[in-house]
Amino acid sequence: MQAAILEERKEQIHRIGDAPCEIACDKDSLAGAVSQRACVFCGSRVVLYPIADALHLVHGPIGCAVYTWDIRGALSFGPELHRLSFSTDLQVRDIIFGGEKKLRGALIELIARHSPKAAFVYSTCIVGIIGDDLEAVCREVEAETGIPVIPVQSEGFKGNKRAGYQAACKAMFRLVGTGDTGTISPHSINILGDFNLAGEIWLVRDYFRRMGIEVVANITGDGRVDDIRRCHGAALNVVQCSGSTMDLARMMEEKYGIPSVRVSYFGIEDMADSLYRVADHFRDPLIMARTRELVRSEIEAVMPELTRYREALAGRKAAVYVGGAFKAFSLVKAFRLLGMQVAMVGSQTGTREDYQELAGICDPGTIIVDDANPLELTSFLEEKSVDIFVGGVKERPIAYKLGVGFCDHNHERKIAMAGFAGMLNFAREVHSSVLSPVWRFVPRRHAPAQQGEVRS
Ligand code: SF4
């Protein structure tokens with residue numbers, strides 16, 4: 001069965017093999033298509049709020065503050081102020097007379113109560129409409145309290161989720177360059193675009209430690225304000241994910257001359273490649289030797305179990321729909337390592353170049369989709385008859401309603417999927433979902449041909 005696609009959406013969908021991939025993307029969502037994307041404000045909040053010793057205050061109605069730690073579980077090794085969700089809870093009276101006084105009062109009270117290292121104040125739709133002067137209130141409170149108080153211009157209506165990433169990067173950039181860089185090693189990096197879900201950044205930091213490389217700042221998983229203030233002293237920005245923090249890396253390159261490399265920590269191939277690219281940058285034979293040894297020992301540890309999963313999963317089909325297309329590249333390769341084929345792949349915020357690169361690594365017939373909606377995803381999953389769907393909280397019910405296995409690879413996940421050990425966790429989850437006995441009891445279109453069981 002082929003999907004019924006809205007006329008205006010057709011150019012955002014491509015089937016590999018039809019023609020060169022000239023997919024339309026990076027545009028506002030189509031009204032009426034019920035996009036899977038969140039708003040600008042949510043985009044900025046995703047990026048900033050893992051900074052664990054900062055105060056995060058949402059200036060707007062209480063409903064905007066729904067994106068809390070509970071559904072976006074970025075972990076912190078120390079302070080956990082980011083787990084508290086604050087809102088100015090604007091009411092009708094504030095909309096008529098303005099919310100600046102309420103905002104000022106909330107900031108003064110919260111800073112006195114929680115002693116944060118900095119405060120981020122998020123602008124929501126209604127604040128953009130009534131015209132509260134966030135900049136002025138923040139400046140005033142900053143002078144009074146002595147901590148950085150930073151407005152985030154993230155009004156929900158002013159673009160798509162990518163605009164939220166940009167607003168977050170601009171806000172963070174105001175902190176960069178305000179700390180002391182005196183003791184930073186020449187072999188040093190910042191980690192950008194990892195949000196420490198299920199402790200993944202600790203795993204990655206440990207790889208860099210074993211390579212002999214200092215990590216100056218996590219931006220932003222398990223992030224600290226003081227680290228971000230001095231991160232302009234690092235020699236290299238290591239940027240994961242195509243959208244969320246690339247703007248910050250660009251601004252740091254322009255102002256401080258810090259180069260960046262794009263990486264991915266998902267899947268064995270991309271994880272190893274990422275470590276080698278960082279090692280390459282420093283042109284130090286000792287770092288390269290340590291990296292080789294690290295990659296060798298990590299792969300050796302996971303391959304026997306991965307091989308058994310591969311034997312059980314060979315020939316199965318997967319669909320992938322994620323936030324940034326960069327993760328999708330790694331997932332296509334990770335599934336290939338498991339002997340599986342990705343039959344549909346899409347993202348909320350991919351660029352033309354991202355999709356062309358995806359078209360280059362996927363098999364003929366694979367559907368590539370930008371900014372999809374539930375109806376499209378449902379019909380693609382049915383058409384391709386996949387065994388597992390990889391996505392986030394909004395994609396999960398689509399899979400379950402179809403009787404298809406699901407793997408959470410978004411900000412809600414509780415199991416580390418990054419790094420070599422993360423690939424093993426991913427394989428275990430795919431294996432147990434695809435071959436679960438539950439599919440005997442729910443209406444699934446294609447029952448597994450054989451119940452391959454692998455014991456770890
Ligand atoms: S779209 Fe506007 S009102 Fe809705 S959550 Fe985003 S900022 Fe709030």
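Analyst: We begin with two strands, β6 and β7, which pair in the parallel sense over five bridges. Strands (E, at least two residues) and helices (H or I, at least four residues) are DSSP runs, numbered from the N terminus, and two strands pair if DSSP finds at least two bridges between them. This is a predicted model, in which local features need pLDDT of at least 70 and side-chain atom pairs count only at pLDDT 80 or more, while totals for chains, interfaces and linings use all residues. Residues are numbered from 1 along each chain as its sequence is written.

User: Which residue of β7 is the bridge partner of Leu192?

Analyst: β6 covers residues 188-192, and β7 covers residues 214-219. The bridge partner of Leu192 in β7 is Ile219.

User: How many of the five residues of β6 are buried?

Analyst: A residue is buried if 20 or more other C-beta atoms lie within 10 Å of its own, exposed if 12 or fewer, and partly exposed in between, with C-beta atoms placed from the backbone. β6 is largely enclosed by the rest of the structure, because the number of its five residues that are buried is four.

User: What is the omega of the peptide bond from Ile219 to Thr220?

Analyst: Most peptide bonds are trans. Thr220 lies in the loop between β7 and α8 (225-229). The bond from Ile219 to Thr220 is cis, and its omega is near 20°.

User: Is Ala198 buried or partly exposed?

Analyst: Ala198 is in the loop between β6 and α7 (200-211). Its phi is positive, about 55°, although Ala198 is not a glycine. Because 18 other C-beta atoms lie within 10 Å, Ala198 is partly exposed.

User: Is Asp371 buried or exposed?

Analyst: Asp371 is found in the loop between β12 and α14. Asp371 has a positive phi of about 50° although it is not a glycine. Because it has 26 C-beta neighbours inside 10 Å, Asp371 counts as buried.

User: Which strands stand at the edges of the sheet formed by six strands?

Analyst: The six strands form an open sheet in the order β1-β12-β11-β10-β13-β14, with mixed pairing. Two of them have a single partner strand each, so one side of each is left without a neighbour in the sheet; these are β1 (13-15) and β14 (405-408).

User: Which residue of β12 stands opposite Ser347?

Analyst: Strand β11 (residues 341-347) and strand β12 (residues 367-370) pair in the parallel sense over four bridges. Opposite Ser347 stands Asp370.

User: What angle does the direction of α12 make with that of β11?

Analyst: Two residues are in contact if their C-beta atoms, placed from the backbone, lie within 7 Å. Axes are lines fitted to C-alpha atoms, for helices over the stretch in contact, and angles run from 0 to 180 degrees between N-to-C directions. α12 packs on the sheet, touching β10 (317-322), β11 and β13 (388-391), and its direction makes with that of β11 an angle of about 175°.

User: Why are α12 and α13 described as roughly parallel?

Analyst: Angles under 35 degrees count as roughly parallel, over 145 as roughly antiparallel, 65 to 115 as roughly perpendicular and the rest as oblique. The axes of α12 and helix α13 (residues 352-361) come within 10 Å and cross at roughly 10°. α12 and α13 are therefore roughly parallel.

User: Is Ser330 buried or exposed?

Analyst: Ser330 is in helix α12 (residues 325-337). Leaving aside its neighbours within four places in sequence, Ser330 is in contact with Ser264, Phe266, Gly267 and Asp270. Because 28 other C-beta atoms lie within 10 Å, Ser330 is buried.

User: Which residue of β4 stands opposite His59?

Analyst: Four strands form an open sheet in the order β3-β2-β4-β5, with parallel pairing. Within this sheet β2 and β4 pair over six bridges. The residue of β4 that stands opposite His59 is Ser123.

User: Against which elements do the buried residues of α1 pack?

Analyst: Eight of the nine residues of helix α1 (residues 40-48) are buried, so α1 is largely enclosed by the rest of the structure. Among the buried residues are Val40, Phe41 and Arg45. The buried residues of α1 pack against β2 (54-59), β4 (118-123), β5 (149-152) and α6 (161-173).
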